[in-house]
Amino acid sequence: MGPPIRARSGDPAEAVLVDLNQPQRAAVTAPDGPLLILAGAGSGKTRVLTHRIAHLVATGRVRPHEVLAVTFTNRAAREMRERLVRLLGGEPPGLWLGTFHAIAVRLLRRDGDAIDVPRDFTIYDEGDRQAALRRALQQVGAEERRVSPAAAAGAVSHAKNEGQTPATYASRARTPFEHLIARAWPVYEQLLAESHALDFDDLLLRAVQLLEEAEPVARRYQDRFQQILVDEYQDTNQSQYRIVRALAARHAHLTVVGDPDQSIYAWRGADLRNILSFEADYPQAQVVALEQNYRSTGRILEAAEAVIHANLARVPKRLWTEAGPGPAVTLAQLYDEREEATAVAHEARRLVDHEGASLGEMAVLYRTNAQSRALEEVLLRQGIPYQLVGGVRFYQRKEVKDCLAYLRLLLNPDDEVAFERVVNVPKRGVGPQSLVDLAQVAERAGSSRMAAIPLAGEGRRRSAAAPARRPIHDTISELRGWAPDWPLPTVLDRVLAVTGLRQMVQDGTPEGDERWSNLLELRGLAEEFGSQGAREALPALLEQVALSGDVDSLQEGRAGLTLITLHQVKGLEFPIVFITGLEEGLLPHSRSRDDPAGLEEERRLLYVGMTRAMQRLYLFHAYRRHLYGSPTLAVPSRFLEPLPPEVRRLSTSLGAAPSVRPSWVEDPARPGALSRPLARDAVHARAVAPGAAVASAARFQAGQRVEHARYGVGTILKSTLTRAGEEAVIQFDAAGTRIFAVDDAVLRLVDS
DNA sequence: TGCGGGTCCAGCGGG
DNA sequence: TGGACCCGCA
């Protein structure tokens, strides 16, 4: 920490200012009006934001319900809420704090009817969006099925984010692809409307519409929110910008925090101009720059700055630190992804064994989720516990989505995507032909396909499959009759039983058990809604599911190496960071290769990754890598070129084909450079996540004999408490040395 | 209609 | 590599 400013004891408003440096303090105490905080990596951004809210409240300048704070991720929202509760000594009543999407949903649920948004709209996630677009594409041109729904979804999403409408898009369409999208988009919109559904972009767009067109509603919120604070402002897209602007129209007591160098979401419509033109938007704006970095040691910061410095479109900025230089940044080339993973495992183990580090302090970063596979295989084989963040998300799993689709149909029988998903799950003999018949019946009746089921097979039209469709209808009508008053878990049990999902999933295979346990996990979530009736709890559950992208990502209560993408790691910090796959085509990713702006974003992505490291940073690239199943020769990333000579000298045959297959090479120029013990200084102490539950004492001690169900009897070499729990290094008599997260492993003390 | 097996082609990131 | 799609057979 910089020179702390001591508080006069007793005054809560002053207490909030303790341990802030001068610029941080200036930002926290800045008077009303527009405020731009340019916060470099590791400069205490979240801290400043939360302390500003606490300060505003503690000094009586606003009451909590007059504050709106917006973040980009659920994780950031959660963290900010926890910190606020600690600072203010309790939950601030009426405070609005959440992601842009969550805030938009809240606005629309309350006041959406002012612009004809159905009160009980369903939220379509990425999968739903693609399914809906698949149908739309089929309807407008069966011969052009080759367009992937994913590409179409991306195009529509992008166009929406740019504020286009189907009409404006159609008038600008040039390529065959664009013409096809121009035709499919209106059909897609109609499908959403019929389904009472909004996709993620609609949530924001409709909120914009509400605030720009429904004047009385807008005025109410403008009056209410006297202080608006926005995190990660560099990542706002046009809709988000307009939401903020509309809400701040009356008071303009707007605080935005961001770092242009950490803008990594242009592909999702983020517009760097929003932050760059803040001062033009609000000419009275004050600007505070936070440039002191409290996270990383000097060499790490130097290397990261060297990388980002190569970007041309950039606001000049220089981070500095009072921390010492720290260990050298290590750059190494490995033979292939397998050896890269082995090097990570090797070094991780060495740091644990010889330098007092723990796995919970380490993260392995990569560009694409696919890269986690090689890492997982090696870590699994070496018995090193790890925690994979992201990957196939819990709510994306087939059995979970199927179950959720039934739950959605309970509330909203018009949900065409949900209907199509489960009408034949489990198999009920309802195939494509039956669905076509049904769609015709539905169109004639002017109803949803779900509602048309009882009508199908009546009249002249012969439909052999009609009787087979009864089960789905009976199932739903029965569930609807029962659902509203029941507790949520009961409804869920009933859904699983009556629909036959349970029977389908539990097929006796290990995979079946896995699927079933996922459904039980969903049931566990349902239990958290307590005794509320399903009528209230079910919409809440579905909304939570739809809006929580990373609910099962990083769990701070578990030990082990963290495996995470460069995108997801933003906002986190680790004492030890490995960045893997620093190769052309991967980072920068091949899709950005010919796009200067894309290249700069890729470079920022690497910068974000490097600045996560507090003590040690490893940069790995391979000589060979399997891409899409086939081996390719990898070229070291161009981003490595500007690294300081000190770093580059450490590399092993960087940029050249190795004549001998290199193995994991430690620093050849400076033997011993990596073997100094990790300094347990102030910087390191920050590894303890604030508020994280840390057990008071380790359960195991060196020398104790324990038995593990799988590896037999062994001796504890050491056991340490980390922010993520207790970690034990055990020398097994027959199975070598392994590292365990004590909470996860079944260990029993044995008498020696 | 369901299912096994072959082919083709994209290929990243996330609320 | 693996998911989506197609085909032919039961």
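This is a predicted model: local features need pLDDT of at least 70, side-chain atom pairs count only at pLDDT 80 or more; totals for chains, interfaces and linings use all residues.
Residues are numbered from 1 along each chain as its sequence is written, chains are lettered from A and ligands numbered from 1 in the order in which they are written, and side-chain values use heavy atoms, with hydrogens and water left out.

Let's start with chain A as a whole. It holds 29 helices and 21 strands; these are DSSP runs numbered from the N terminus, with helices being H or I of at least four residues and strands E of at least two. Of the 752 residues in chain A, 56% are buried, and buried here means under 20% relative accessible area, with exposed over 50% and partly exposed in between, using a 1.4 Å probe and protein chains only. Taking the contacts in chain A with a separation of 6 or more, 74% are between residues 24 or more positions apart. Contact means heavy atoms within 4.5 Å.

Now to one of the sheets. It is open, has six strands and pairs in parallel, in the order S3-S2-S6-S7-S1-S8. Two strands pair if DSSP finds at least two bridges between them. At the edges sit strand S3 (96–99) and strand S8 (286–290), each pairing on one side only. From one strand to the next, the twist averages 15 degrees. Angles here run from 0 to 180 degrees between N-to-C directions, with axes as lines fitted to C-alpha atoms, for helices over the stretch in contact.

Two helices to look for on that sheet. Helix H2 (residues 22–29) packs on it and touches strand S1 (35–39) and S8, its direction making about 145 degrees with that of S8. Helix H5 (residues 100–111) also packs on the sheet, touching S2, S3 and S6, and its direction makes about 120 degrees with that of S3.

Inside the sheet, strand S2 (residues 67–71) runs parallel to strand S6 (residues 227–230), and four bridges pair them. Val67, for instance, has Gln227 as its bridge partner in S6. Is Glu66 buried or exposed? Glu66 is buried, because its relative accessible area is 9%. Apart from neighbours within four places in sequence, Glu66 contacts Arg224, Phe225, Gln226 and Gln227.

On to another sheet, also open, with six strands in parallel pairing and the order S9-S14-S13-S10-S12-S11. Strand S9 (330–334) and S11 are the edges: each has a single partner strand, so one side of each lacks a neighbour in the sheet. The twist averages 20 degrees from one strand to the next. Helix H16 (residues 337–355) packs on this sheet and touches S9, S10, S12, strand S13 (574–579) and S14, with its direction at about 155 degrees to that of S14. S9 and strand S14 (residues 613–622) pair in parallel over five bridges, and Leu334 has Ala622 as its partner in S14.

Five of its five residues are buried, so S12 is largely enclosed by the rest of the structure. Leu561, Leu563 and Thr565 cover one side, and Thr562 and Ile564 lie on the other. Strand S10 (residues 362–366) runs parallel to S12 and is joined to it by four bridges, with Leu365 partnering Ile564. Strand S11 (residues 386–388) is parallel to S12 as well, through three bridges, and there Leu388 partners Leu563.

Last, the DNA. How many residues surround DNA strand B? There are 30, and the closest are Trp267, Arg367, Asn369, Gln568 and Tyr628; a residue is near if one of its heavy atoms lies within 4 Å. These residues divide into six nonpolar, 15 polar and nine charged. Among the DNA strand B atoms within 4 Å of the protein, 50% belong to sugar or phosphate and the rest to bases.

Note on methods. Ala, Val, Leu, Ile, Met, Phe, Trp, Tyr, Cys and Pro count as nonpolar, Asp, Glu, Lys and Arg as charged, and the others, Gly among them, as polar.
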